[in-house]
Amino acid sequence: MLPLLLVCACGLPCLTETLRLINNGYEDFVVAINEDVPEDTGLFDQIQNIMVDASAYLYLASRQRAYIRSVKILVPNTWSKNPVKYTNPRDESFDDAHIRIDKANPTQGNNPYTFQPGQCGDPGQYIHLTPEYVMDAPGIDREVNWGDPGRVVVHEFAHLRYGVFDEYGSGGDPQHPEFYLSDKGRIMPTSCTTEFAWHFQNIHTGGPCKVNTTNNMPEDNCTFIVNENTSPAIASIMFMQSMKNVTHFCESVPADPHRQHNPNAPNMHNKMCPGRGTWDVIKQHPDFRTSNPPRLLHNTRPTFAYLYNTKGYWFDGTEKCGRRVVLLLDVSGSMKKNDRWFKQRQTADKFINDILPIGSNVGVVTFSDDAHEWTPMTPLRNEIIKKQVSSGLPLYRDMRGGTAIRLGMQSALNMLKKTGDSKTGRILLITDGEENRPPYVDSIMKDILASKVVVHTIAYGQQASQTLADLSAQTGGMYAYFSEGNASSSLDSSIHRLWDDVAVCKERRQIEIYRSTTQILSSGIDYSGKVDIDDTVGLDTVFVFTLPRTASVDIRLRSPGGRVFDNTYNEYHRDGSMNIIRFKLQMQANETGLWTYTVRSSTAGPVTVGITVTSKPRDRHDSYEFLTWLSDTRVNATSPPVVYAHVHKGYSPVLYADVRISIEKPGGQVEVVMPMDNGIPPDNTKNDGVYTSYVTVFNSNERYSLDAHVRNIPGKTLIVVASVGSGRAFSRIKHKSTRTILQPVTTNFSRTSSLGAVDITGVTPGPDLIPPAAIYDLRVGAVNKETHTVSLKWTAPGADLNHGRATRYEIRFGRSFQEMRESFNDAMLINATVSPLVPLKVGEEQAVDIDLSPHANLTTLIFAVKTFDDGGLYSELSNLVSVSLKPKADIWS
C-alpha cells in the first residue's frame, strides 16, 4: 500500500481537523442534529450520557492518551429557541459536524456507521447516528444489538479520526467473509483476536451449520455466536467492542500477547492496512506521534455547550446567507498577457453574481508591487449591489508592476479582521505569477494559520506561484489551475466548487448539471449541444455562456417540449462589459429532459464559448449529487495521488454510473481515467457510491488540472435503497440485517465537478517506476478433493497500479500464512494449470484452475500471488487464502 496523505480541500472537509487534542483532551467535538429531526429535547440527555461514556472508554482504549474534553451540540433552528441555554455558533454547521444525528441512511438503517472513503490512516468524514438509535426507541434494542453506545461511538471515532477499519467479516461478502480457513485447516470467524469462546449456528434454524461442498466453507446462513461471559478477550475494539472485557485495539508486536493482531483474517482492516494492527496505525497519528503521552486522569467527563444558529437578517428583511469573502486579485503587468486580466474579471464577476448568495459580504484587494483595498467589505443585499461591485473590478489599465502576494495576503487578512472573526472569513486568491517582490508568503504562514482563515487559490498558467498549493493545503482551501487552453473550463468549475463553502443557508444548494466549451470555427454556422436536466432539479436553472473579450454570438435554448428562449426572453441577460450571457429559467415540472443550446458567431475567426448549467433541487434531500476530491495537491509521481468521486442521491449510493476523470495536461492535452467502485484499493468499499482510482498519467514535472463528469448509463445505473450496513459497528443480531434492494435510475442525469489542481514532481526519463497494484481479493472459487483441483479467483490489477494491463502472474503456495508472508519467493511455484492464465483488463474477474495432483499428500495449502509488468516490476504480495483437502468433519474441529 502506497503511503498517502488526504489533503483537506474545499468539497471534502477534513472534519477531524477541527478537533484539537490539547493536553490529552479533544476540544470542540461537534454533534449536530438535522433540522428535519422532530423537536425532542430528550435527545440532549441521551447525547450527554453517550458522550460521557465514550470519553471514559476512549481514555481506556487510547491507553490514557486521550479523552473528550468538550462537546458542542448544534441545535437546528427549526426547534424552539432557548436564549438562556443556547449560544450562537461561530463556524459550526451540520455538514461540518463530527457526529450527525439524522434520519436513517436507507443502506444502513439504524446501524451506527462512519462515512470513511479514504485510505489507511486517512480520516473519515462523519459519524451518522439516527434519532431512534440515540433515544433507544421501541424496537431498537440498542444495547442488545450493538452493546454500550459509548463504546460504539469510540469504535466509530477510530474510523473518523485515526483511519482504521473494521476487523470483522460479513455474511455474503466475498471480500470480507465471515469465516476463513486457518493454516491448521480449521474454520475460524473473521476477527482480530482469537481469544473468545464461540460456536457455529444456522441463523434460520438455530441448529448446527452445514458445509458448502463447493468450497468446503460454511453455508451462507451460518454465523457464530459469542459466549461473552466466558470470553477472556481484551481486544479488539474494531472487532467487537461490545464484549465487556474488550478495552484495547490490536497491535502487531504487542507487549501483551492478548492484544496480538491477527494478520490472517480477511477483514477490511487487513485489506486496507496490510501488516499493521489498528493500534499500529493509531499510535502513528499526529495526535500521539510526538505529543500527548499517557497521563493519569481522575475525571474524563466532557463539558457541554448548546449552539443555536439564529437566522440573521438585514434591515430590509434579507437573510444573511453567505460568508465574508475577500477577492484577492493579481494586477501585475503579466496579467495583460493572453487577456488574463479579462478572464480574471469574468471569473470574479461570476463568483460574485452566480456563486455568492444574497446576504454574503465581499471585498476586493489587489496586489502588484504593493497591495490596495480596492473595494471595501460590502454586504450583498440584492442583485443590484452585486452588479455594482462586479462592475468596479480592475481593468486592463490597472495592470502594472510585480507580484507581491504576501502584501496582498496581509491586506486581505486585515480586511477580514476589521469586519469580524477571520476564522469565519474566506480569501479567494487569483494570480499568474511567482512571487517576485519580497517579503514572501512563507514568512507569514504562521500568522495565516493562526487566523484560521481558509484560502482558496486559482493559478493562471504554469508560472503561478508554487506557494498556492501550500496555502490551500494548509488552510483547507481549494487549489485550482487554469492552463489557458482553449478547451479548458476549469475556471468555471473551480468557482462553482466554492458554493458549498461560502453559502451558509443551504436549503437549496446549487448543483452543476453541465459544463463544457464549444469551439466555433466559422461565423454564421450553428453549433449545438445538449444538456440533460433531470427531474430531481429544475429550480432556478441558469445557463451561463462565457465569451472571449471581442467575440459576438447569438444563443438560443430549446426545451424538451419545443419552447425557444432567445434574446427576447425576459430573463435573458447580456453583460457587455464582461461578455457573459445568462438565461435564468423558472422551469415547469414538465420541462425536465433533454435541452438544446445553439450558438452562432458573428465574429470572424475561431471563438471558444464556455457553457455552464446550474440548477437547484426540487427536494433538497432527493437530488443526484456529485462530490469529488483529490488525496493530495503536491505529489511525487512515484506515489501517485488518488481521485475520489462520490455519486449519491440523499444518503443512497448510485451504482454503475459512468464516472470519468479528465486530467488536463500543459498544452491542453487531456487524459481520461475511469475510477471504480469495486472495493479494490484504492477503493475501500464496494458499491458505496464512491468511485476511486490512482492517477498515473503524469509525464512531466508540471501543474495539472483535474475535472470530473458523471452520467447515468440507461438500463444499468442503479440506486441502493436498502442493504446490509457494511460500515456498522459489529452487531450481535445478524439475522435482522436488511437484504439489498436496488432501483433503476429512470431519468437521465449528468453532473460535473472540479477536483482542482495537482503539482507533480519526481517524473524522470527512463524506465517505468510504478509497479502493478497488489491483488486484494484473492479467493477460493471451488475445491474438488476427488480431482485435486482448486479454482482461484481475483480482480485483475493493472501494470501501473490500477492502469494498463499486467504481463503475468506468479502463484505460489506454502503450508502457513507466516511462511508465505516471509518467504514467498521460496514457496512452491505453480506452473501446471488446468486453464491458461493470461492477465485480463483492469477490473475484470480473473480465474484459474490449479491441478494439485502432485501435492495430493498435503491437506492444507496457503496461496498467494504477485503481479508483474513488462518492465519486470512486481506488486506487493496479494492477500493470502487457504484451501483444505481434509475430510469435511475435520474442518470444524
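The protein has 17 helices and 49 strands. Helices (H or I, at least four residues) and strands (E, at least two) are DSSP runs, numbered from the N terminus. The radius of gyration is 29 Å, close to the 29 Å that the globule rule gives for 893 residues, so the protein is as compact as a globular protein of that length. That radius is taken over C-alpha atoms, and the rule is 2.2 Å times the number of residues to the power 0.38.

This is a predicted model: local features need pLDDT of at least 70, side-chain atom pairs count only at pLDDT 80 or more, and totals for chains, interfaces and linings use all residues. Residues are numbered from 1 along each chain as its sequence is written, and side-chain values use heavy atoms, with hydrogens and water left out.

**Overall figures**

| Property | Value |
|---|---|
| C-alpha box along the principal axes | roughly 85 × 65 × 60 Å |
| Buried share of the 893 residues | 59% |

Buried means under 20% relative accessible area, exposed over 50%, and partly exposed in between (1.4 Å probe, protein chains only).

**Cores**

A nonpolar core is a set of buried Ala, Val, Leu, Ile, Met, Phe, Trp, Tyr and Cys residues joined through side-chain atoms within 4.5 Å. The largest one has 76 residues. Tyr26, Phe29, Ile33, Ile47 and Ile99 have the most contacts inside it. Helix α1 (residues 42-61) gives the largest share of this core, nine residues. A second, separate core has 36 residues, including Leu356 and Met399.

Look at Phe29. Contact means heavy atoms within 4.5 Å.

**A buried helix**

Helix α14 covers residues 490-497. Eight of its eight residues are buried, so the helix is largely enclosed by the rest of the structure. Among them are Asp492, His496 and Arg497.

**Tyrosine 180**

Tyrosine 180 sits in strand β10 (residues 179-181). Tyrosine 180 is buried, with a relative accessible area of 9%. Leaving aside neighbours within four places in sequence, its contacts include Arg186, Met217, Asn262 and Pro266. Valine 883 lies 703 residues apart from tyrosine 180 along the chain, yet their C-alpha atoms are separated by 9.6 Å.
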